[in-house]
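Colleague: Could you take a close look at the charged and aromatic side-chain contacts in this one and talk me through them?

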Amino acid sequence: MAQQENALYTPQEVREVAGLIRSLEAGAKKGPGGQKKSFTCKKTTFVLAGTDGVTVDSWRFNDWDYKNPDLPTYARGLFTFQTNGKPGIAIRGYDKFFNTEEVNKTRWHNVETNTRGPYELSVKENGCIIFISGLPDDKLLVCSKHSTGVRSDVAASHAVVGERWVDRQLNALGKTRKDLAQELRSRNATAVAELCDDSFEEHVLAYVGDRAGLYLHGINLNLPEFATYPGHLVHKFADEWGFKKVEFLVKDDIQDVRTFLEGVAETGAWQDKEIEGFVIRCQARDSEGEPWHDWFFKYKFEEPYLMYRQWREVTKAIIAGRNPKYKKHQKITGEYLKYARRQLASDRTLGKKFNQNQGIIAMRNGFLKERGLTGAGIIQMESEDGGEGSADVMRDVLLTFTATIGCGKTTVAVALQKLFGWSVVQNDNIEGMKGRSRRFVGEISSAFLTGSSVVIADRNNHQRRERKQLIEDVKNLIPNATIVAIHFVHEQPGVSRHASLERIRQVTRDRVFSRGDNHQTIQAGTKSQPEITGIMEGFLNRFEAINILTEPDEWFDTVIDLDPTASSRENLEAVVSRLHSLYPKLFHEMPTGDDMDEAIEFAIRDYEPALKQKLFSTPSSSKKEAKAAQKSMKLTQNPRLPKIDYFCIRLPPNPILTVLESHFKAQDAMTQRFYRQLQQSRRIQPSFHITIIHRANSKEFPDVWERFNTMHKDALTAATTNNTNIDNNRPEPELETCRVVLERVVWDSRVMAVVTRLLDAQEKDLGTTNELAHITVGTADQSIKPKESNDLLHTWLSGGSGEGTGISEMEIKGNVVIGGSVRGVLQRY
Ligand code: GTP
Ligand code: MG
């Protein structure tokens with residue numbers, strides 16, 4: 001980071017900016033979901049209020065695209081403009097930065113070797129980001145990450161609230177918007193601030209009274225490459241222009257940085273203040289000899305922030321009349337709940353406000369005050385008590401797996417049994433199809449009753465619903481059980497999903513094929529190779545990673561992450577040493593390396609399953625089940641099955657219609673007109689969906705089409721294994737679920753569509769081969785096909801809406817999330 005203020009100024013090069021915009025345009029044009037694109041970029045054009053049609057364009061990547069190595073820019077928050085035919089950068093956010101260990105570059109080892117100081121550690125403020133800059137005509141531009149607030153249809157967007165704060169600051173200093181615009185423009189810079197204002201939007205940490213406002217945390221040069229001011233100059237600017245300052249401290253040595261962060265993380269409080277984490281600013285290079293560039297990473301604290309979040313969630317649960325579920329901070333959370341119940345009973349308006357995210361902090365602080373405690377103090381006390389009593393655990397420990405076929409579950413389980421004599425309950429040994437889950441848990445419970453202190457449950461639990469069932473049923477029978485998840489991580493941080501799975505495929509297929517028939521159900525020596533790989537692929541596709549922040553995984557007491565491609569010997573040692581440090585009384589001494597070698601050798605060489613059975617038709621399953629299974633196998637293999645027309649995310653119509661109605665109702669007659677016309681002529685679609693891929697595009701995107709087809713076939717097979725009823729005439733089972741955000745309604749005189757965002761797109765690798773994920777609401781008459789919404793949205797993306805375009809748009813307020821169901825839809829004859 002340059003230390004001289006004047007050395008920081010660098011003007012924009014028109015050619016460079018034009019090149020950037022060209023690559024972004026290309027990214028905005030190609031359809032997501034297909035193998036051709038390397039990234040997707042969404043362009044939105046905003047007409048600035050109070051101008052004569054001046055526009056700025058916002059460029060937005062999908063979050064996961066930032067892990068892509070060849071983006072034209074990594075700016076998160078980027079706005080461009082045109083003046084006299086020349087392009088320019090109006091707003092330039094920071095390069096997207098990641099948590100420690102989240103991607104390859106932020107692994108400590110790499111941070112230690114490829115970064116240099118000074119390291120500026122700034123407190124991660126907890127609000128939303130606001131960008132401020134000056135346009136050529138001295139107009140001040142205030143934006144949130146991807147939009148600017150001067151829009152007639154938004155009452156109080158982040159940008160609008162940000163702008164009000166800027167005005168307030170400027171008034172207090174006797175300066176004008178024009179002054180600030182000129183200043184920023186002369187620096188070719190964007191001011192980056194955090195909007196922290198509870199009266200507008202309450203986040204988890206408190207910002208009221210004097211603490212509310214705009215916290216300036218950076219000043220970036222408006223260049224494609226990331227270049228940003230050092231902290232002391234950011235402070236200077238904040239003082240001159242009335243911003244609040246973000247505290248930062250400087251360290252020269254990365255080891256000091258790490259020691260400091262890990263020390264503060266123990267309590268989550270720094271200088272008596274609870275904070276969420278730190279952003280660390282420094283310089284990095286790609287490898288030795290490469291040039292240095294400005295670079296950020298972040299370090300997020302777990303506590304007491306996570307405890308507060310847990311309190312917020314349990315409070316919402318009791319307001320909704322649900323049973324609050326929590327596993328961390330048990331004792332104190334129980335006490336907090338008593339307090340919260342008392343408060344909610346004494347003031348009936350509290351619950352409603354709480355659900356609107358108001359009064360959360362007052363509730364928490366009221367409790368802490370009554371008890372004379374601080375969040376940091378509680379965490380400190382808990383750690384002095386040995387971390388919630390886990391040190392005393394000596395029995396009733398259940399080890400579970402979250403894995404796919406061939407990860408080495410049985411090998412690790414058998415080796416643990418060999419070392420410690422613990423019981424192993426194998427799902428594959430349970431015969432028949434009926435009540436398998438119940439019987440599995442029954443066997444686990446008997447194993448505890450017959451005296452095993454630890455029981456290993458050998459089953460894949462690759463989907464959340466299986467983990468939910470297992471945890472719930474075990475907790476019913478053995479309420480004090482400590483449940484450990486051994487998680488074979490399928491998506492390595494910093495590696496693409498595709499590459500991660502490919503490595504796992506190679507290793508597990510090799511293992512399973514060389515295992516041959518030495519298995520209860522997956523008998524690779526006898527079954528055909530495609531049949532086995534098909535079953536294995538099914539598991540890989542359905543695999544849902546553990547996420548300890550959500551149900552049911554939050555109920556696990558501990559998660560031990562393993563790499564499926566590591567040797568079972570390494571994985572065994574990882575499990576044993578984690579168990580030893582978590583539960584020191586579970587076994588006295590760590591086994592030696594030789595012991596572990598021997599145990600693994602036994603598990604790989606000498607172990608044989610007690611039983612072999614065939615999937616789908618076991619001797620002990622009832623005739624009816626066997627028949628049903630055969631029928632289903634036929635169903636999935638029958639070449640005369642109706643063909644799939646398209647894959648989509650099916651959405652329930654009623655909540656969508658309600659949202660449309662309430663939004664249109666608030667508009668003027670002109671805006672409502674086309675919607676009312678669709679209603680009156682009964683041209684609103686009878687059901688709503690977002691197309692993922694249509695048969696017509698299957699040639700263009702063969703991988704996507706193939707992937708969903710495989711999922712469909714697997715789901716048909718799985719549905720029969722689980723005895724789920726499927727109508728044989730219209731088998732359209734659910735392949736996945738996906739939460740969808742309704743963002744914007746766009747229409748012309750022919751067709752109306754809702755632009756949507758897929759919340760689970762990244763985690764579940766979902767997308768669309770269309771240009772934009774959208775719902776077609778309806779078309780003006782029968783001759784207009786719903787797919788015309790693609791053309792509408794294409795035109796809208798490039799030319800926006802408003803006068804002269806024939807296109808109208810309306811933002812959907814309030815972050816409306818709808819639960820959707822991914823399905824294949826059969827051709828109708
Ligand atoms: P399923 O029960 O089919 O879901 O598989 P699993 O997860 O129980 O895998 P398992 O432990 O059966 O391992 C698969 C095969 O790979 C077995 O034949 C093991 O003996 C073998 N195997 C497991 N770990 C290793 C290892 O580290 N090295 C080698 N060479 N083979 C291994
Ligand atoms: Mg096994």
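Modeller: Let's settle burial before anything else: buried means under 20% relative accessible area, exposed over 50%, and partly exposed in between, with a 1.4 Å probe and protein chains only. Keep in mind that this is a predicted model, where local features need pLDDT of at least 70, side-chain atom pairs count only at pLDDT 80 or more, and totals for chains, interfaces and linings use all residues. Residues are numbered from 1 along each chain as its sequence is written, chains are lettered from A and ligands numbered from 1 in the order in which they are written, and side-chain values use heavy atoms, with hydrogens and water left out.

Now the charges. A salt bridge here is a side-chain nitrogen of Lys or Arg within 4 Å of a carboxyl oxygen of Asp or Glu, and the whole structure has 36 of them. Take Glu472 and Lys468, which pair up at 3.2 Å, N to O. They sit four residues apart in helix α15 (residues 464-477), so about one helical turn separates them; helices (H or I, at least four residues) and strands (E, at least two) are DSSP runs, numbered from the N terminus. Glu472 is partly exposed at 32%, and Lys468 is partly exposed at 32% too.

Then there's Arg744 with Glu811, where the closest N and O atoms are 3.0 Å apart. Arg744 is in strand β23 (residues 734-747) and Glu811 in strand β26 (residues 808-826), so this bridge ties together parts 67 residues apart in sequence. Arg744 is buried at 10% relative accessible area, while Glu811 is partly exposed at 22%. Some bridges share partners as well: Glu491, Arg497, Arg707 and Asp765 are joined that way into one network.

On to the rings. Rings of Phe, Tyr and Trp (its six-membered ring) pair if their centres lie within 6.5 Å; planes under 30 degrees apart count as stacked, over 60 as edge-to-face and the rest as tilted. The search turns up 24 aromatic pairs. Phe647 and Trp705 have ring centres 5.3 Å apart and planes at 70 degrees, so they are edge-to-face. Phe647 belongs to strand β21 (residues 644-651) and Trp705 to helix α23 (residues 702-721), so the pair ties together parts 58 residues apart in sequence. Both Phe647 and Trp705 are buried.

Finally, Tyr308, Trp311, Tyr336, Tyr339 and Phe367 make up one aromatic cluster. Arg364 lies over the face of Tyr308, 3.6 Å from the ring centre; a charge sits over a ring if NZ of Lys or CZ of Arg is within 6 Å of the ring centre and within 35 degrees of the ring normal.
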